[in-house]
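Subject: The structure for you to look at

Hello,

Here is the structure I promised to pass on to you. Open it next to this email, and I will walk you through what turned up.

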Amino acid sequence: MNKNVNQNVNQNYDVIILGGGAAGLMCAIEAGKRGRRVVVLERADRIGKKILISGGGRCNFTNLHTSPENFISANPHFAKSALARYTPADFIGLVEKHRIAYHEKKLGQLFCDRGASDITAMLEQECRDAGVEIRCDTKVKSVQRNEAHDNDHFSVHAEDASFTAGRLVVATGGLSIAKIGATSFGYDLARQFGLKIVAPRAALVPLVFRERDRKRWCDLAGVSTEVVASTGRTKKALPTFRENLLFTHQGVSGPAILQISSYWDGKEPIWLDLAPERNLAAELRTHGHRELSSWKLLLREVLPRRFADRWLETYPLQGNSDRDFTESERQLHAWEIRPDKTEGYGKAEVTAGGVDTGELSPQTMESRKVRGLFFIGEVVDVTGQLGGFNFQWAWASGFCAGRAV
């Protein structure tokens, strides 16, 4: 199944898929079911490496609450067609067909009970059943399109073999997690064929504090607390996320930060509500105590003790008046942080940006300019929020392309 290419020969297929990740394998399965002769070329030594490390090794393979609003794109409508044609229920049906045990962790996030290898084994079996050929350790050197009146085809040249097909599907992913082989190949290929690219950037990624804030907060590394995170000049226009924040040795991470990082433009501040839905000043009035010691005890109830004490050191209560307590609480509900940068592609779970959706058909993922050329998955300018949405986009976009090639 996972063979190396050892012969310097030209091999003919109906469909060549570049990339053996989630989107590429789903596309291969659907195309194979339709009787197409399909080869998947994967540069790594095995398929689905990103699948295997996702969700802490348990693969958060979809989200029950998937909707177009869970995705970021220059064209927020582009993903609607694919997401409607292949839903979380469709993928769950495939998982259950293979008797893979799974559970809902929270917020609609579905994980494997045993491990992510259940998903890669399932995809590999589906590929076998569909007659799909998978070739690992195959590093593509160049791609050309040979134009003829009735016989347009693509030639893909690897280190020791060449492949031709009338359909070429690019499922090479983004730039995130270079240690498992991420490259810019998909973007380079799009540019080669004249397609526009929305500038890629790290998304779902921890944030790095500026030096002053690192000195102030980063010895709290490991401390976690629930927050509501928001960003942007018009905060109402962008989502807010109520999840945990985690202090790190460089800045902040945790689900709330990963989520808001995808919307952060690198310039605007990020606001954190450290006491969601609490009215602390009113609680103090109810208890009849209004002094520093009572405020400190209340903060220790709301925040982890070390963080509460550091907060009071950094933002001390100015006095005992209503105005003083109101101002201290305002700071707590709207902590403004201005990160220096993200931790970059090395720590990013996904890459935002990519092939401009204006270049592609939303029904088939085929290039509008180059007949027979398709782009699917993370390489496209569609980026999901945290929680299984990026996998659902991979399955859906791969399915649509697989039905079209």
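Is aspartate 152 buried or exposed? Please keep in mind that this is a predicted model. Aspartate 152 has a relative accessible area of 18%, so it is buried, the cut-off being under 20%.

**Charged pairs**

Side chains of opposite charge can pair when their charged atoms come close. Aspartate 152 forms a salt bridge with arginine 145, with 3.0 Å between the closest N and O atoms. Aspartate 152 also forms a salt bridge with arginine 371, where the closest N and O atoms are 3.0 Å apart. Arginine 371 sits in the loop between strand E20 (350–355) and strand E21 (373–375), while aspartate 152 is in the loop between strand E9 (140–146) and strand E10 (153–158), so this pair ties together parts that are 219 residues apart in sequence.

The two arginines can be described by their accessibility as well. Arginine 145 is partly exposed, at a relative accessible area of 21%. Arginine 371 counts as exposed, because its relative accessibility is 52%.

Another pair to find is lysine 369 with glutamate 359, whose side chains meet in a salt bridge at 3.3 Å, N to O. Both lysine 369 and glutamate 359 are in the loop between E20 and E21, 10 residues apart. Glutamate 359 counts as buried, at 5% relative accessibility.

How many salt bridges does a search of the whole structure find? The search finds 25. Salt bridges also link Glu30, Lys33 and Arg403 in a network.

Next, please turn to helix H4 (residues 88–97). Its residues Pro88, Phe91, Ile92, Leu94 and Val95 are buried. They lie on the same side of H4, because they cover an arc of only 155 degrees around the axis. On the face of H4 turned away from the buried side you will find the exposed residues Ala89 and Lys97.

What covers the buried residues of H4? The cover includes helix H1 (22–33), strand E4 (60–63), strand E6 (102–104), E7, helix H5 (117–129) and helix H13 (389–404). After H4 comes arginine 99, which has a positive phi, near 55 degrees.

Strand E7 (residues 109–112) is also where you will find glutamine 109. Glutamine 109 is buried, with a relative accessible area of 11%. Leaving aside residues up to four places away in sequence, glutamine 109 touches Asn60, Thr62, Asn63, His103, Glu104 and Gly387.

Now compare helix H10 (residues 292–302), where the buried residues are Ser294, Trp295, Leu298, Leu299 and Val302. These residues cover an arc of only 135 degrees around the axis, so they are on the same side of H10. Among the elements that cover them are strand E14 (224–231), helix H9 (280–287), helix H11 (305–314) and helix H12 (322–333).

**Strands and sheets**

In a regular strand the side chains alternate between the two faces of the sheet. You can follow this in strand E3 (residues 38–41): Val38 and Val40 point one way, Val39 and Leu41 point the other way, and all are buried.

Which strands does E3 pair with? One of them is strand E2 (residues 10–18), which runs parallel to E3 and is joined to it by 4 bridges. Valine 15 has valine 38 in E3 as its bridge partner. Going from E2 to E3, the chain passes through H1, and this β-α-β crossover is right-handed. E3 also pairs with strand E8 (residues 133–135), in the parallel sense, over 3 bridges. There, leucine 41 stands opposite arginine 135 in E8.

Finally, look for an open sheet of 7 strands, with antiparallel pairing and the order E18-E17-E14-E15-E16-E13-E19. Its edge strands are strand E18 (335–337) and strand E19 (341–342), each of which pairs on one side only. Within this sheet, 2 bridges join strand E15 (residues 241–247) to strand E16 (residues 251–253), and the two run antiparallel. Phenylalanine 247 has valine 252 in E16 as its bridge partner.

Enjoy exploring, and write back with any questions.

Best wishes

Conventions: Residues numbered from 1 in each chain as written. Predicted model: local features only at pLDDT ≥ 70, side-chain atom pairs only at ≥ 80, totals over all residues. Heavy atoms only, no water. Buried < 20%, exposed > 50% of the residue type's maximum accessible area, 1.4 Å probe, protein only. Contact = heavy atoms within 4.5 Å. Salt bridge = Lys/Arg side-chain N within 4 Å of Asp/Glu carboxyl O. Arc of directions from axis to C-beta. Pairing = 2+ DSSP bridges. Right-handed = clockwise from strand over helix to strand, strands pointing away.
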